[in-house]
Amino acid sequence: MSYSQLSTHERYMIFKLKQRNLGPREIGRFLNRSASTISRELKRNKGFLSVYWYEMANIFAKQRRRQADRPTKRNNRLLYDYIVENLQQGWSPELISGRLIRDYPDDPEMRASHETIYRWIYEDAKGGGKLYDCLVRRRKKRRKQSQRLSLRGQIPDRVGIACRPEVVNERSRFGDWESDTMEGAKGRGGLATHVDRKSRYLIAVILSDKRSQTYTDKTLSAFRDIPKEKRQTMTVDNGKEFSDFKRIEKRLGLSVYFADPYSSWQRGTNENTNGLLRRYFPKGSDFKKITNKAVANAVDKLNNRPRKCLRYQTPHEVFFEQPSVALRM
């Protein structure tokens, strides 16, 4: 059902029903409106002494409509240029909205919600603009994920995620990694990706093929400079490339746990990070032609990209507990 604004008559009925001490849910059922609509109306249209009065509510509503006709934020060139510049740097609207508060803590004019930024992007697209190309997925609508039953075989001696220590779920320590592979074109290699659950710090290396020996050798090399105290656990899926996990455990001194088949949400940090990497290496990429330097550059950008879940700090700042220093190429 399409949304319509409350009418004068509906505001009068809200006033009368409120006098009978009815709550938002009861008023909403009477008017065939959602409880959230009624609750929002009561909160933002209170008049003198914080009492809801239908005549004042109508006046307040008309004032807001007039103000909404003025695109004040869009006319703030500094704000708009900041948003566009960081979209082009690969930041999401949510990141930009949060980072504005850090970069301009004392300037209330430098504020824009992520919904406002998305609206600007879509309005730009209607006019033939290309700002939507800056979005990570380059999609205007989210795709629904289907669920499938497990049909994959078990890796011998695997230890399931149910046995993983509870402390891993808390994200309270460094060294709990989620690992996966990101494929390129068929037969053209891919990436091994490892993400620390607490800091979202990323390690990625090129794989020439999907063999377990290749994955294991590259993983051991990638973790060579990671301190022992930051090697606690590793959570992987059930791909055959992880079948040599015991060698990883022995050499790195961490414990490997396997997620349930077709339960990618159990490794959501890694899945999300792989999605960000796809901006630099789209599906079908030929990793036999991609250099280690190009991968290192992409990883550096993501590790120095602020995250909402880190209170707009970067993974580098959190993992090393010091300010980010971007790689100079």
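Tutor: Contact here means heavy atoms within 4.5 Å. Helices (H or I, at least four residues) and strands (E, at least two) are DSSP runs, numbered from the N terminus. The model is a predicted one, in which local features need pLDDT of at least 70 and side-chain atom pairs count only at pLDDT 80 or more, while totals for chains, interfaces and linings use all residues. Residues are numbered from 1 along each chain as its sequence is written, and side-chain values use heavy atoms, with hydrogens and water left out.

Student: Which residues of helix H2 are buried?

Tutor: Buried means under 20% relative accessible area, exposed over 50%, and partly exposed in between (1.4 Å probe, protein chains only). In H2, residues 24-31, the buried ones are Ile-27, Gly-28 and Leu-31. Seen down the axis of H2, these buried residues fall within an arc of 100 degrees, so they line one face of the helix. The arc is that of the directions from the helix axis to the C-beta atoms.

Student: Why do residues three or four places apart in an α-helix point the same way?

Tutor: An α-helix has 3.6 residues a turn, so such residues point the same way. On the face of H2 turned away from its buried side are the exposed residues Arg-25, Arg-29 and Phe-30.

Student: How do the axes of H2 and H3 cross?

Tutor: Axes are lines fitted to C-alpha atoms, for helices over the stretch in contact, and angles run from 0 to 180 degrees between N-to-C directions. The axes of H2 and H3 come within 8 Å and cross at roughly 115 degrees. From H2, the contact is made by Pro-24, Arg-25, Ile-27, Gly-28 and Leu-31, and from H3 by Ala-35, Ile-38, Ser-39 and Leu-42. The residues of this contact divide into six nonpolar, two polar and one charged. In this scheme Ala, Val, Leu, Ile, Met, Phe, Trp, Tyr, Cys and Pro count as nonpolar, Asp, Glu, Lys and Arg as charged, and the others, Gly among them, as polar.

Student: What is found in the loop between H2 and H3?

Tutor: Ser-34 lies in that loop, and at 36% relative accessibility Ser-34 counts as partly exposed. Its C-alpha atom is separated by 8.3 Å from that of Pro-24, ten residues apart along the chain.

Student: Is Arg-267 buried or exposed?

Tutor: Arg-267 counts as buried, at 3% relative accessibility. Its place is in the loop between strand S5 (255-258) and helix H12 (268-277). Leaving aside neighbours within four places in sequence, Arg-267 is in contact with residues including Glu-178, Asp-180 and Asp-237.

Student: Where is Gly-189 placed, and what does Gly-189 touch?

Tutor: Gly-189 is in the loop between strand S1 (176-183) and S2, and is buried at 16% relative accessible area. Not counting residues up to four places away in sequence, Gly-189 touches Glu-183, Gly-184, Leu-207, Ser-208, Asp-209 and Phe-287. The C-alpha atoms of Gly-189 and Lys-288 are separated by 6.3 Å, although the two are 99 residues apart along the chain.

Student: How many disulfides does a search of the whole structure find?

Tutor: A disulfide is a covalent bond between the sulfur atoms of two cysteines. The criterion is a pair of cysteine sulfur atoms within 2.5 Å, and the search finds zero disulfides. Cys-134 is buried, with a relative accessible area of 12%, whereas Cys-309 is partly exposed, at 49%.

Student: How many helices and strands are in the chain?

Tutor: The chain has 14 helices and five strands. Of its 329 residues, 44% count as buried.
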